[in-house]
Amino acid sequence: MIYEVFRQERKGQPFVHGGSFHAPDQAFADAYAREFYARRQESVALWVVPREQIVEIDEFPDEFDLKYRRVDGYSIKARLAIARERAGSATSPGTDGG
Amino acid sequence: MSDARTAEFLEFVQAGGQVETDDWLPEEYRKRLIKFIEMHGNSELMGVLPERDWILRAPTLQRKLALTAKIQDEVGHCQLIYRVVEDLGKPRAQCLDDLISGKSKFHNVFHYPTRSWGDVGVIAWLVDAAAIISQKALLKCSYAPYARVMKKVCWEESFHILHGRDTVLAMVTGTPEQFELVQEAVTRWWEPLMHFHGTPIPADEDPMLHWRIKSQGNEEARQQFLDGYVPQILELGLELPDPNLRKNEGGLWEYTEPDWEKLTAVVTGHGPASQERLAFRRLSRADVDWVSRVMLPEAA
Ligand SMILES: [Fe+2]
Ligand SMILES: [Fe+2]
């Protein structure tokens, strides 16, 4: 069976994929993971997962153009300028907003 | 149709793009990847044999432990690299079979014998230095799983070089006999080291560069090696066996053209220790076969 290993380098950091190996069962997987990925104290924690247990999703269609969920879905520059003009607080153009 | 797809793929990788195992890969690209990465894995595995000979003969306990740790690293590299090959479609057992039958190759430097403890220092220092230059250039490989593995490999390699340099320093600062052992080893290893990065094929004719499997030409790698290590060798009072070796005004190293036919002969199994090493690998594969059958039923 193939196991995938995710390693954490320091407490508080995300687990990052490290690699994979063959092991006959979880006990061997545990021992191999320690040997392969932590024998120099280069990891503070490991996640060891049978490859077949991992679900990969890699297609994210955006048919409905859901830009309003993101920062790049908004352009406030023009409106901000008008608002400032009305309030009489306009500074030199183009120094603010985006 | 598939040609347009290949062209698109090429354009992507040539612009620095990286691909994953599940992506569509042109057949030629996959074949070249397997062959190249498999040879790298073979070399890690065969590379421990010359060093293994010295575990029991290491001069101190400290050196014995360090050498054993290095060997464990190298076998680990083989394990990681063969996994990359497996995910590309060639099983590990097949890699091992092709290695011992002589169908696939391993790096030229591992076809030579080790004659003294001086060799152990020179190998860990200079052979690993030459290897790390190639491996660092693979960090940008267009095939991302291989590039990721190289990160771990390069990190571990830096200890090997230091262990080698420290071993060499202990000997060159020791007795005249010890100094002589290092000098003799450097002289003997110089030719294989000059062969190591391969023939100086122009970058635009190198298919490995074309597919961005490698990001550095052979001659570029050799120049980098000479630039980094010739001064370090000479400052110890050691001599190199090439009267034409010098850095010209343009900053490039000039050297006597190595015998490239000899390199071809060595890597096709006609090196001084090729057959002995393969025989030993066959023996140990037969010896531990029962372990893999017990441990990995699906690999049997
Ligand atoms: Fe290695
Ligand atoms: Fe190494």
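The model is predicted, with local features needing pLDDT of at least 70 and side-chain atom pairs counting only at pLDDT 80 or more, while totals for chains, interfaces and linings use all residues. Residues are numbered from 1 along each chain as its sequence is written, chains are lettered from A and ligands numbered from 1 in the order in which they are written, and side-chain values use heavy atoms, leaving out hydrogens and water.

The iron ion (ligand 1) is held at 2.0 to 2.3 Å by B:Glu44 (OE), B:Glu74 (OE), B:His77 (ND1) and B:Glu157 (OE). Donors here are N, O and S atoms within 2.8 Å of the metal (3.2 Å for Na, K and Ca), and sites may look incomplete because water is not among the atoms. B:Glu74 also coordinates the iron ion (ligand 2), which lies 3.5 Å from the iron ion (ligand 1). Both B:Glu44 and B:His77 are buried (under 20% relative accessible area, with exposed over 50% and partly exposed in between; 1.4 Å probe, protein chains only).

Turning to the cysteines, zero disulfides are found over all chains, a disulfide being a pair of cysteine sulfur atoms within 2.5 Å. The sulfur of B:Cys95 is too far for a bond, because the closest cysteine sulfur, in B:Cys78, is 8.4 Å away. B:Cys95 is buried, at 0% relative accessible area.
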